[in-house]
Amino acid sequence: VARARTAVMLTQVLTFTGAVEESYAIGQCALAELPPELLDERRRLEAQWAVAIQWSSGLLHELPELERFPAGIDEPGAGARMLETMIALSSAYRCEPAERGVELALRAVADGTLLEEDEGLFTAVVVIVLGLADRDEALEVIDGMVARAHRRGSQFGLLAVSLWRGWLHLRRGELVDAGESLRTALVELAA
């Protein structure tokens, strides 16, 4: 379990620092070696794999693999919720009817597991999917992200909130609020 969790963290760090291809390769190796009983860790790695692909590993032809779960994932755990967010985002990128992505995104945050386990990457994906569909629930997810970041004292979580809140306000045409949130994100990034 510890090795799988380390692989998840390593792939996330590599993705965020621009080493997306390395993140992808390490994730693939970890998935190949992962025992079948570590299902939550598998789903976490699969979700990070989808992030690496979408963030430029160049292997977009592998994304149809996400279609194994057209109605979501009937498994407990944050890993399943993380993977659902990436299925929802992939659906939005393919310009499928918005309701499919919205349903998956709302399902991913419904039980609170994703919000508590995620540092801001996958919850931000939920905000993106809901924001693209002009759904007010995106603001509720942002509020949940703020509360979690404050509870945990997470600087990265606060940065994610400010950035994606700014994007959401911009998308909604709320320019003053967007500017304020994005300036806050720049200050938090410099901190």
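F16 is located in helix α1 (residues 2–16), a helix being a DSSP run of H or I with at least four residues, numbered from the N terminus. The model is predicted, and local features need pLDDT of at least 70, side-chain atom pairs count only at pLDDT 80 or more, and totals for chains, interfaces and linings use all residues. Residues are numbered from 1 along each chain as its sequence is written, and side-chain values use heavy atoms, with hydrogens and water left out.

F16 has a relative accessible area of 41% and is therefore partly exposed (buried means under 20%, exposed over 50%, partly exposed in between, with a 1.4 Å probe and protein chains only). Together with W55 and F156, F16 forms a nonpolar patch on the surface, with about 290 Å² of accessible area in total. Such a patch consists of residues with over 30% relative accessible area and no salt bridge, with nonpolar side chains joined within 5 Å; a salt bridge is a side-chain nitrogen of Lys or Arg within 4 Å of a carboxyl oxygen of Asp or Glu.

Two loop residues were also examined for phi. Most residues other than glycine have a negative phi. C95, in the loop between α4 (78–93) and α5 (98–110), has a positive phi near 60 degrees. C95 is exposed, because its relative accessibility is 68%. D134, in the loop between α7 (121–132) and α8, has a positive phi of about 55 degrees. At 56% relative accessibility, D134 is likewise exposed.

Terms used. Patch = residues over 30% accessible without salt bridge, like charges linked within 9 Å, V, L, I, M, F, W, Y side chains within 5 Å. Areas by Shrake-Rupley, 256 points an atom, 1.4 Å probe, with all protein chains shown as cover.
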